[in-house]
Amino acid sequence: MSRPPTRIVVRTTAREDFAGIGRLTEAVYPGSPPWNERQLSSHLDVFPDGQFVAVEEPGGLIVGMAASLIILWDEYQMHMNWRDFTDHGMFTNHDPENGHTLYGAEVMVDPAVQRRGIGKRLYHARRELVERLGLLRIRAGARLRGYHRHARKMSPDEYVAAVVAGRLKDATLSFQLREGFKVISVVSEYLKFDPESLGFAAVIEWLNPAVAAPEEFDRQARSFLPAPSE
Ligand SMILES: CC(C)(COP(=O)(O)OP(=O)(O)OC[C@H]1O[C@@H](n2cnc3c(N)ncnc32)[C@H](O)[C@@H]1OP(=O)(O)O)[C@@H](O)C(=O)NCCC(=O)NCCS
């Protein structure tokens with residue numbers, strides 16, 4: 001008997017999804033501690049609208065998730081790491097009163113169904129949220145997932161420049177660039193123990209065109225100017 005056709009639904013996260021998110025994390029990051037109930041519960045307590053899952057229906061299998069919080073960027077430094085921006089993954093630094101920046105703390109899609117547009121759907125939901133809340137921008141750290149394969153012959157800046165120019169593909173950064181993000185900096189020790197990025201990340205930004213002034217776009221365009229390659 002053939003299986004019924006499936007479809008993907010993107011919706012805000014509910015407590016019933018926590019076990020599925022835990023399984024998803026183990027599939028995406030084998031060997032790393034998965035998102036746990038304490039953290040996921042805290043996300044829903046502080047910012048339920050900022051948490052999304054992609055669910056395969058029928059069946060209810062969680063195949064993707066995106067987690068975010070609002071921060072007042074001026075309280076942070078560009079070089080700070082994932083733990084600083086997310087308060088150790090708890091999001092208790094969420095500051096909707098003063099903040100204008102949606103910080104993308106996580107996005108992941110089950111490896112079995114990557115490259116089918118699910119990440120794109122999750123990002124679409126995020127951008128819609130930013131537009132609805134009238135926020136200025138989205139920022140995130142894009143871990144340089146393919147950098148370990150090039151680390152002997154190029155610096156992280158050179159690697160990012162090559163990905164931005166389309167000479168190299170990076171499984172994470174190429175996706176974010178395709179989603180309209182621009183690189184504004186390259187930082188080290190972002191995800192300290194990540195063997196693929198070796199800790200390096202591109203700080204990426206998407207500006208909300210309904211809110212950002214032209215100067216913001218100018219500043220963005222001047223933020224990461226890699227030296228031209230030979
Ligand atoms: C990054 C991630 C969320 C993308 O999700 P996805 O559902 O596979 O992405 P989509 O299918 O929506 O891809 C949209 C576009 O992004 C680009 N893209 C996605 N994955 C890519 C890859 N591995 N290499 C190059 N480009 C890629 C492509 O242009 C793609 O469009 P196309 O398939 O029509 O060419 C997913 O690969 C993932 O979970 N990675 C592991 C976790 C991770 O690194 N998260 C980011 C933390 S900073």
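1. In this predicted model, an oxygen atom of the ligand lies 2.8 Å from a backbone N or O atom of lysine 120. A polar backbone atom of arginine 116 is 3.1 Å from a ligand oxygen. Threonine 172 contributes through its side chain, where an N or O atom is 3.0 Å from an oxygen atom of the ligand. On its own the ligand has 920 Å² of accessible area, and the protein covers 84% of this.

2. The shell around the ligand holds 22 residues, with Val109, Arg115, Gly117, Gly119 and Arg178 the closest. By class, the shell has nine nonpolar, seven charged and six polar residues. At least two shell residues come from each of strand 4 (101-109), helix 4 (118-133), strand 5 (137-143) and helix 6 (173-178).

3. The aromatic pairs number nine. One of them joins tyrosine 147 and phenylalanine 200 in an edge-to-face arrangement, with 5.4 Å between centres and 80° between planes. Tyrosine 147 is in the loop between strand 5 and helix 5 (156-164), and phenylalanine 200 is in the loop between strand 6 (182-187) and strand 7 (201-207), so the pair ties together parts 53 residues apart in sequence.

4. Are the two partners of this pair buried or partly exposed? Tyrosine 147 is buried because its relative accessibility, 4%, is under the 20% cut-off. Phenylalanine 200, at 21%, is partly exposed.

5. Trp73, Tyr76, Phe85 and Tyr103 make up one aromatic cluster. Tryptophan 73 also has the charged end of arginine 139 over its ring, 4.4 Å from the centre. Elsewhere, arginine 126 lies over the face of tyrosine 123, 5.2 Å from the ring centre.

Key: Residues numbered from 1 in each chain as written. Predicted model: local features only at pLDDT ≥ 70, side-chain atom pairs only at ≥ 80, totals over all residues. Heavy atoms only, no water. Near = heavy atom within 4 Å. Polar contact = N/O pair within 3.5 Å; in protein donor to acceptor, adjacent residues only side chain to side chain. Areas by Shrake-Rupley, 256 points an atom, 1.4 Å probe, with all protein chains shown as cover. Helix = DSSP H or I, 4+ residues; strand = E, 2+ residues; numbered from the N terminus. Nonpolar A, V, L, I, M, F, W, Y, C, P; charged D, E, K, R; others polar. Phe/Tyr/Trp six-rings, centres within 6.5 Å; stacked < 30°, edge-to-face > 60°. Buried < 20%, exposed > 50% of the residue type's maximum accessible area, 1.4 Å probe, protein only. Lys NZ or Arg CZ within 6 Å of the ring centre and 35° of its normal.
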